[in-house]
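Keep the structure open as you go through the points.

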Amino acid sequence: MTRNLFWFRQDLRVNDNAGLWHATQNNRECLALAIISPQQWQSHDDAPSKIYFYLRQLQNIQTELKQLNIPLIIKTIPWWENIPTYIASLCQELDIDAVYANTELPFNEQQRDTHVTTALAKLEKSIHLFEDRTLFPTQSIRNKSGEPYKVFTAFKKTCYERLSISIPRCYPLPKTQIKVDLGNIENESITDLISEFKHDKNHLAFQLEISEKIAQKKLHDFIKYKISHYDEKRDIPSIDGTSQLSPYLNIGAISVRQCLEEVLKDNDYIFSIKSKGQQVWVDELLWREFYQHIMVDFPHISKHLPFKKETQKIQWRNNSDDLAKWQHGETGIPIVDAGMRQLKQTGWMHNRVRMICAMFLSKNLLIDWRVGEKWFMQNLLDGDLAANNGGWQWSASTGTDAVPYFRIFNPVTQSQRFDPTGEYIRTWIPELRHLDDKQIHAKAQVSGYPQPMVDLKASRERALSAFKNI
Ligand SMILES: Cc1cc2nc3c(=O)[nH]c(=O)nc-3n(C[C@H](O)[C@H](O)[C@H](O)COP(=O)(O)OP(=O)(O)OC[C@H]3O[C@@H](n4cnc5c(N)ncnc54)[C@H](O)[C@@H]3O)c2cc1C
């Protein structure tokens with residue numbers, strides 16, 4: 001009997017999993033593999049909380065796979081450079097002749113997969129990779145000259161045209177497989193791995209329930225109860241008006257196809273949008289899509305380089321004291337501090353506040369956006385290279401289709417507009433809870449809370465001239 005091996009990466013689900021489904025289709029025995037690389041992941045700035053969340057879902061996957069007769073091999077390999085040799089020897093030892101996986105899009109991941117392909121080819125074994133992280137295969141959305149889009153609106157328009165012709169359908173759950181006897185193969189305990197990354201009780205990585213079913217219920221409830229008001233509520237950080245699916249999407253506990261399908265379920269799977277809320281939410285899924293496609297077409301953004309190369313010349317300030325105040329929510333600008341404290345305590349931050357905090361660092365403090373990108377990545381439960389890089393380069397005006405450099409958010413005005421009653425600020429900054437709705441947004445002499453670290457007008461001018469100078 002020949003065997004297939006499915007290698008799990010950022011796709012921890014058994015439903016609608018392209019690679020897993022294909023690996024289980026040809027009447028062979030199917031095994032699964034998960035490689036844990038904490039050192040490599042942390043060198044890519046993955047937050048320990050994200051690793052913890054990932055491992056918790058991996059434990060669920062092991063149970064789900066058992067029901068399908070697919071044994072899961074778990075192996076810790078600290079650094080990816082050792083993966084090709086390991087997979088090649090595993091395939092020899094267990095008589096596996098084909099490896100299946102879903103493509104990972106960042107540059108280093110693609111390099112790793114190229115080395116695995118070469119190692120397997122030497123043994124005359126094959127690897128089959130499937131595009132599973134996006135709605136459309138990367139490099140398939142092109143303008144009339146066959147070039148990748150650099151502007152979101154045009155990219156989105158083409159995506160909508162494609163969706164009106166056909167909607168990417170979800171893959172079914174694989175059938176139960178032929179039982180496999182692995183003999184005495186050594187396996188690691190996920191419980192031990194989980195306890196190494198355990199998080200405290202205030203952290204979302206600990207609080208959020210995780211399984212495919214939970215992710216699907218979250219999606220279902222969001223579409224049923226919240227999506228119709230999404231356009232009005234998504235920008236208000238004190239309201240629970242967004243799906244909060246990003247941690248699940250990023251480890252692949254749910255797929256973007258499943259998200260779209262749930263929106264269109266009532267429509268016989270014909271692509272038509274029924275409300276403004278649906279429209280805006282699908283647009284956000286397409287922002288995610290856009291940044292993933294950009295990362296493949298412009299791999300330099302995976303290498304700490306700005307999308308717009310000329311912005312390399314900006315003279316960023318290198319000030320570790322100012323950076324530390326921003327990181328720990330001590331800037332004296334309440335909305336910024338609320339966001340940064342939410343991030344530190346829970347591993348999550350509302351999208352509007354992410355933009356405000358990112359712009360405050362890169363414009364008002366004129367600190368290199370890459371330092372902020374790294375801090376977000378090191379703390380976000382939903383940290384994703386493409387979305388995080390896209391969000392940061394948008395805010396810093398160094399990215400594709402970024403905010404123009406002269407449109408600098410005033411954080412106080414943003415706060416008055418999007419947190420008018422100060423409820424969000426009060427949640428995260430207890431020192432300011434007693435202030436009224438007007439006072440809470442701007443500087444007030446409050447003992448135990450810092451004065452604003454910069455003058456907003458002067459720091460805005462400083463940023464404008466730094467950008468004009470290039
Ligand atoms: C500076 C900055 C950094 C960011 N870093 C990340 C990150 O590391 N990981 C991440 O998933 N998102 C990131 N985002 C995008 C966005 O903030 C989050 O996706 C969103 O807040 C997640 O909440 P939600 O799941 O409730 O989103 P919803 O509003 O319900 O949106 C649904 C899904 O669409 C996608 N999405 C929504 N907005 C965006 C966007 N602007 N860009 C890309 N995808 C989007 C996400 O996958 C999200 O889960 C960042 C944005 C900024 C401005």
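The notes below go through selected helices, loops and residues of this model.

This is a predicted model, in which local features need pLDDT of at least 70 and side-chain atom pairs count only at pLDDT 80 or more, while totals for chains, interfaces and linings use all residues. Residues are numbered from 1 along each chain as its sequence is written, and side-chain values use heavy atoms, with hydrogens and water left out.

A few terms come up again and again:

- Helices (H or I, at least four residues) and strands (E, at least two) are DSSP runs, numbered from the N terminus.
- "Buried" means under 20% relative accessible area, "exposed" over 50%, and "partly exposed" in between, with a 1.4 Å probe and protein chains only.
- "Contact" means heavy atoms within 4.5 Å.

- Helix α3 covers residues 48-67, and its 20 residues should span 28 Å at 1.5 Å a residue; the end C-alpha atoms are 30 Å apart, which agrees. The expected span is 1.5 Å times one less than the number of residues.
- The buried residues of α3 include the run Ser 49, Lys 50, Ile 51, Tyr 52, Phe 53, Tyr 54, Leu 55, Arg 56, Gln 57 and Leu 58. Ile 61 and Leu 65 of α3 are buried too.
- After α3 comes Asn 69, which sits in the loop between α3 and β3 (72-76). The phi of Asn 69 is positive, near 60 degrees, in a residue other than glycine.
- Pro 71 belongs to the loop between α3 and β3. Its C-alpha atom is separated by 8.8 Å from that of Lys 179, although the two are 108 residues apart along the chain.
- Setting aside residues up to four places away in sequence, Pro 71 touches Cys 30, Leu 31, Ala 32, Val 180 and Leu 182.

**Helix α4 and its partner α5**

- Helices α4 (residues 83-93) and α5 (residues 107-122) pack at an angle of about 35 degrees, with their axes 8 Å apart. Here axes are lines fitted to C-alpha atoms, for helices over the stretch in contact, and angles run from 0 to 180 degrees between N-to-C directions.
- On the α4 side, the contact is made by Ile 83, Pro 84, Ile 87, Ala 88 and Cys 91. On the α5 side, Arg 112, His 115, Val 116, Ala 119 and Leu 120 take part.
- The buried residues of α4 are Ile 83, Pro 84, Tyr 86, Ile 87, Ala 88, Leu 90 and Cys 91. Their cover includes β1 (3-8), β2 (29-36), β3, β4 (96-102) and α5.
- Asp 95 follows α4, and its phi is positive, near 60 degrees.

- Cys 357 is part of helix α16, and counts as buried because its relative accessible area is 0%.
- Neighbours within four places in sequence aside, Cys 357 is in contact with Trp 326, Val 336, Gly 339, Met 340, Met 349 and Phe 376.
- Cys 357 and Lys 218 are 139 residues apart in sequence, and their C-alpha atoms are 27 Å apart in space.
- Leu 366 lies in the loop between α16 (351-364) and α17 (369-379). This leucine has a positive phi, near 50 degrees, and is buried at 4% relative accessibility.
- Eight of the eleven residues of α17 are buried, so this helix is largely enclosed by the rest of the structure.
- The buried residues of α17 are Trp 369, Arg 370, Gly 372, Glu 373, Trp 375, Phe 376, Met 377 and Asn 379. They pack against α3, α14, α15, α16 and α18 (385-395).

**Two buried loop residues**

- Thr 331 is located in the loop between α14 (320-327) and α15 (334-346). With a relative accessible area of 0%, Thr 331 is buried.
- A polar atom of the Thr 331 side chain lies 3.0 Å from the backbone nitrogen of Ile 333.
- Beyond four places in sequence, the contacts of Thr 331 include Lys 325, Trp 326, Val 336, Asp 337 and Phe 360. Gln 451, Pro 452 and Met 453 are also in contact with Thr 331.
- Ser 243 is found in the loop between α10 (230-233) and α11 (246-251), and is buried with a relative accessible area of 14%.
- Not counting residues up to four places away in sequence, Ser 243 touches Phe 222 and Trp 281.

How values were computed
A polar contact is a pair of N or O atoms within 3.5 Å; within protein, one must be able to donate a hydrogen and the other to accept it, and residues adjacent in sequence count only if both atoms are side-chain atoms.
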